[in-house]
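Q: I am new to this structure and would like to learn how to read its features one at a time. Could you take me through them slowly?

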Amino acid sequence: MNDPDKFGLATALAQARKSYQDGGIPIGAALLYHDPSLQPSDPVVLGCSHNQRIQKSSPTLHAEIAALEDAGRLKADVYRKSTMYTTLSPCSMCTGAILLYKIPRVVIGENKTFLGGEELLKEHGVEVKVVDDVECKELLARFVKERPDEWMEDIGKL
């Protein structure tokens, strides 16, 4: 991984840890802007957050959606020069938001615990990079083992 990707994933992972510590689902995300006038190692964090479905009793506050919310309203060209970093493969809802705002690149910590809309992203020209991060896998695996019912609810399974 290059330095901006390490930074972006580390930002998302810090959010996942925070969610776990707060009693929530340990998935984090960060939206980083890559300003062409800046050095490649100087991305700007536009927004970052974590899954807040449990903490806020929300049906939609997955990490990527919460990161977009944290970023606030942005111009279309900002999204088109940004990367979404997420500790877990994005679900259909989060994939849809990435496609809606035409975010051209997604870096994913892991996709073994859950495989989301990666193929749909690729079909729409989004660059998808899976880094298979050990800590992302271990943190979520611990949560799934400790709280399987809440995990199944989060991914929409009975």
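Q: Leaving aside its neighbours within four places in sequence, which residues is Asp70 in contact with?

A: This is a predicted model, in which local features need pLDDT of at least 70 and side-chain atom pairs count only at pLDDT 80 or more, while totals for chains, interfaces and linings use all residues. Residues are numbered from 1 along each chain as its sequence is written, and side-chain values use heavy atoms, with hydrogens and water left out. Contact means heavy atoms within 4.5 Å, and by that reading Asp70, with neighbours within four places in sequence left aside, is in contact with Leu46, Gly47 and Cys48.

Q: Where is Asp70 placed, and is Asp70 buried, partly exposed or exposed?

A: Helices are DSSP runs of H or I with at least four residues, strands are runs of E with at least two, and both are numbered from the N terminus; Asp70 lies in helix α2. Buried means under 20% relative accessible area, exposed over 50%, and partly exposed in between, with a 1.4 Å probe and protein chains only. Asp70 counts as partly exposed because its relative accessibility is 46%.

Q: Which residues of helix α2 are buried, and what do they pack against?

A: In α2, which covers residues 63–71, the buried residues are Ala63, Glu64, Ala66, Ala67, Leu68 and Ala71. They pack against β1 (28–33), β2 (44–50), α3 (76–79), β3 (82–86) and α4 (92–100).

Q: What follows α2?

A: Gly72 follows α2, and its phi is positive, near 80°.
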